[in-house]
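Reader: I am new to this structure and would like to learn how to read its features. Could we begin with the general idea and then turn to the case at hand?

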Amino acid sequence: MSGWRLARSLEVLRAEVNTIAPGRSKVSDGTIGDAAHRGGASDHNPNAAGVVCAIDLTHDPAHGADMHRIAEHIRTRRHVAAKYVIWNRRIASASSGWAWRTYTGSNPHTKHMHVSVGTGPDGKSTGPYDDTSPWGLSTGGIDMFCKLGDKGPVVEAMQRLLMVAGHPPEGGADGDYGPATSRALLAARQEVGTTATSGDTYSPAAYAQLFQLIARRQSTPPAPLPTRLLITGEVTATIPGQARA
């Protein structure tokens with residue numbers, strides 16, 4: 001379809017994701033809807049003004065585009081233009097107070113995250129979809145580092161990285177940065193020749209060393225390091241195409 005454009009707010013979101021993950025895969029990215037979307041109500045279809053109010057962004061945690069983290073950031077940040085986000089069989093929307101709910105659509109959204117903007121029915125969005133306020137991804141909105149005693153998804157992501165590096169902490173990826181995780185981190189760093197004497201802080205240097213260790217174990221050159229997001233050890237591969245959200 002000709003004569004359409006992407007909502008300005010989504011242009012900003014895509015630019016921020018590209019900033020924090022410059023080497024990310026875009027294999028499942030999508031904007032304008034395919035034939036399946038054109039047959040129904042979808043924000044991937046242009047509204048009356050010719051504006052597409054939805055975007056799909058590929059999950060590529062190995063190169064900084066971790067949609068687990070980004071979807072949660074969008075849900076809690078509540079950008080003025082955001083209508084809803086769908087990721088990994090869940091949906092959160094402005095109309096439901098941004099609480100996660102089970103998503104039962106035919107596409108589970110495990111390969112890409114979907115974001116819709118504006119207000120009103122899908123395919124007929126109005127309202128602030130062209131708001132160009134920052135989404136907060138490239139201005140420090142997502143923190144990837146942690147320390148002994150911390151708990152939560154940042155710690156869990158680091159523990160998953162340790163598992164990929166061959167140094168799983170006792171207890172696995174439980175999200176609790178305790179002594180076992182500290183020991184595992186120090187052991188992994190020592191394997192690549194660190195001068196550190198403690199694993200109590202997960203710093204940028206520690207992250208870089210873990211990534212080097214993973215690359216060494218996989219016998220592949222390390223990809224460019226993301227500046228803000230933490231990889232989780234997941235790898236995705238999908239078939240290129242138009243939007244499928």
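Author: A polar contact is a pair of N or O atoms within 3.5 Å, where, within protein, one atom must be able to donate a hydrogen and the other to accept it. In this model, which is predicted, the side chain of Lys-83 makes such a contact with the side chain of Asp-43, at 2.9 Å.

Reader: Where does Lys-83 lie, and is Lys-83 buried or exposed?

Author: Lys-83 belongs to strand E4, which covers residues 82-87. Buried means under 20% relative accessible area, and because the value for Lys-83 is 9%, this lysine counts as buried.

Reader: How should I read a nonpolar core, and which residues have the most contacts inside the largest one?

Author: In soluble globular proteins, nonpolar side chains tend to be buried together. Here the largest nonpolar core has 32 residues, and those with the most contacts inside it are Leu-13, Val-85, Met-113, Val-115 and Val-117. Helix H1 gives the most to this core, with five residues. Leaving aside neighbours within four places in sequence, Val-117 touches several residues, among them Leu-10, Lys-83 and Trp-135.

Reader: What caps the N-terminal end of helix H3, and what covers the buried residues of H3?

Author: The cap is Asp-66, which has a side-chain oxygen 3.0 Å from the backbone nitrogen of His-68. Among the buried residues of H3, which spans residues 67-77, are Ile-70, Ala-71 and Ile-74, and their cover includes helix H1, strand E4 and helix H4. Just after H3, Arg-78 takes a positive phi of about 60°.

Definitions and conventions
Residues are numbered from 1 along each chain as its sequence is written. This is a predicted model: local features need pLDDT of at least 70, side-chain atom pairs count only at pLDDT 80 or more; totals for chains, interfaces and linings use all residues. Side-chain values use heavy atoms; hydrogens and water are left out. Helices (H or I, at least four residues) and strands (E, at least two) are DSSP runs, numbered from the N terminus. Buried means under 20% relative accessible area, exposed over 50%, partly exposed in between (1.4 Å probe, protein chains only). Contact means heavy atoms within 4.5 Å. A nonpolar core is a set of buried Ala, Val, Leu, Ile, Met, Phe, Trp, Tyr and Cys residues joined through side-chain atoms within 4.5 Å.
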